[in-house]
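Let's take a walk through this model, starting with its open spaces and then turning to a pair of helices.

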Amino acid sequence: MRLSRRALLAAAAVAHLPTLTPTAAAEGRGHLRTGFERLAAGGYAPLDGERVGVVTNPTGVTRDVRHIVDVMHADDRVNLVAVFGPEHGFRGTAQAGGSEGRYDDPATGLPVHDTYLKSGQPLADVFTAAGVDTVVFDIQDVGARFYTYIWTLYDCMEAARLAGKRFVVLDRPNPVTGRTALGPVLHREFASFVGRQPIAQAHGMTAAELARLFNGEFLTAPVELDTVPMTGWRRSEWYDASGLPWVPASPNMPTPDTALVYAGTCLFEGTNLSEGRGTTRPFELLGAEGIDGRWAAAVNGLGLPGAHFREAYFTPAFSKFRGRTVGGVQIHVHDRDAYDPVRTGVALLVTAKRVWSGFAWRSDHWIDKLTGSARVRTAIDAGAGVDEVVAGWQEELAAFRRVRREYLLYG
C-alpha cells in the first residue's frame, strides 16, 4: 500500500473544525470529551444553515445516555431533518444481518432511512431524497475490520461524495485502545461488507482516523470531510478509562470485554463451532457438540500471554446449536495489555482442529472474508502452527502500519 496524492487532501479536509493534534490531546487529558460533546458545546456552529442527516445507532448517546438524535432534534441551533440507520437499525431492534427499514421515528417524527447493504449510487440517492446538505456520522466502533459499522462509514462517505454532500465524523474512543494494528490485512479480491478495503484485522484506529484514511487512500475521490475529534483521549487507554457509558454496539456486543476478544474469536463465525451467540458471553464462549476438556488443555498448553482458557459447557438460546448443550472453552483475559486477540483467535482455531475431529470450515469459506484472504485457512489445513500462521501476514501488516500513522489524530 502506498501513500497517495489523497493523503494531502485528507490532511486538508478538516477546514471547518480544528483537527486535534497529539499535543492538544495531551493538554485535554483528565476529562474525555467526545466529538458530539465538543460539537454541542460549540453550539453546532459547523452545521449552521445546513440541513443535517445523522448516521447513527443506539451507541450515539451523551454521557447521561440521551440519544444525540433526541438532543439535536430538541435544539433549535441545528436543523436535523433525517436519520440513517445501519445494520441492527437506528434504535437497535434488529439482530445480526438485519435492519429496521424505512419508517418515521415515533420519538421525534424524523424520517429514518435504511443504509444497510446499500452503497454507491443507490445510497447516494437515499441522501439526495432525504434532502440533506451534510451527513453526520456518530457510531461507536469496536476496533475490528469485520465490524460492519466502519464499512457503513466508508459506504456513506462514498455516497456523500457522489451526492455532493458534506460529511462530518464525530469521534469516539476505540474501546480496545489504539496502540497498534494487529492481524492480516485484507486482500482486495476478498472484499465484502465485512471488509471493503485493505486494513488490518484489528485496525487500532478511531472512526475519525479511519475516515481520514478512507478519504486519503481508498475513496474513488475525496469527499468534503470534517472530523470533530475527542479531547482527553490517549491511544493507550481502554474504554473504562473514558468515563463514558457502554451501550451494546450490537446485540452480541454486550460489554467492553466482548470487544476485547472479538477481533480474534469472531473468526469462529467461519467454522461449524458456536462463537457464543445466544449466550450471555458471546465471543468469549466457543464450542460445539463433541468437544471436551482436551481443547482447553491444548490451548492453555501454548502459554498465550494475557489469558486463561476454561473448559466450559453452555446451551445457546439462538444461533448455532440452539437449545443444545455444547462443550468448549471460555476465555478469561487476566492481562489485557499483554493479550493479543488475533493471535489468540488463530491459536484457538489451530487447537480446535487438532483436538476435535468434527472441526470444519463453513462451506462458503466465510473464514476467508473474515481473515481477508485464503491464507489463514489453507495454512491451518496444511498443519501450520500458530507462529507459522502469524508470520504469514507480518510484511503486509508492517506496510499497513506505516500508512496508518499518517492519519492518526491522538498520541
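Predicted model: local features only at pLDDT ≥ 70, side-chain atom pairs only at ≥ 80, totals over all residues.

Residues are numbered from 1 along each chain as its sequence is written, and side-chain values use heavy atoms, with hydrogens and water left out.

The largest pocket holds about 390 Å³ of space. A pocket here is an open set of points on a 1 Å grid over the protein atoms alone, where a 1.4 Å probe fits, with protein on both sides within 12 Å along at least five of seven lines; lining residues have an atom within 4 Å of a point. Its volume is the space filled by probe spheres set on the points, which are joined across faces, edges and corners. Of its 25 lining residues, Glu87, Ala96, Thr148, Glu269 and Arg277 lie nearest the centre.

The second largest pocket has about 270 Å³ of space. Val176, Thr177, Arg179, Leu182 and Pro341 are the closest to its centre among 22 lining residues.

Now for the helices (DSSP runs of H or I, at least four residues, numbered from the N terminus). The axes of H6 (residues 149–163) and H7 (residues 207–218) come within 10 Å and cross at roughly 45 degrees. Axes are lines fitted to C-alpha atoms over the stretch in contact, with angles from 0 to 180 degrees between N-to-C directions. In contact (heavy atoms within 4.5 Å) are residues including Trp151 of H6 and Phe214 of H7.

Methods
Helix = DSSP H or I, 4+ residues; strand = E, 2+ residues; numbered from the N terminus.
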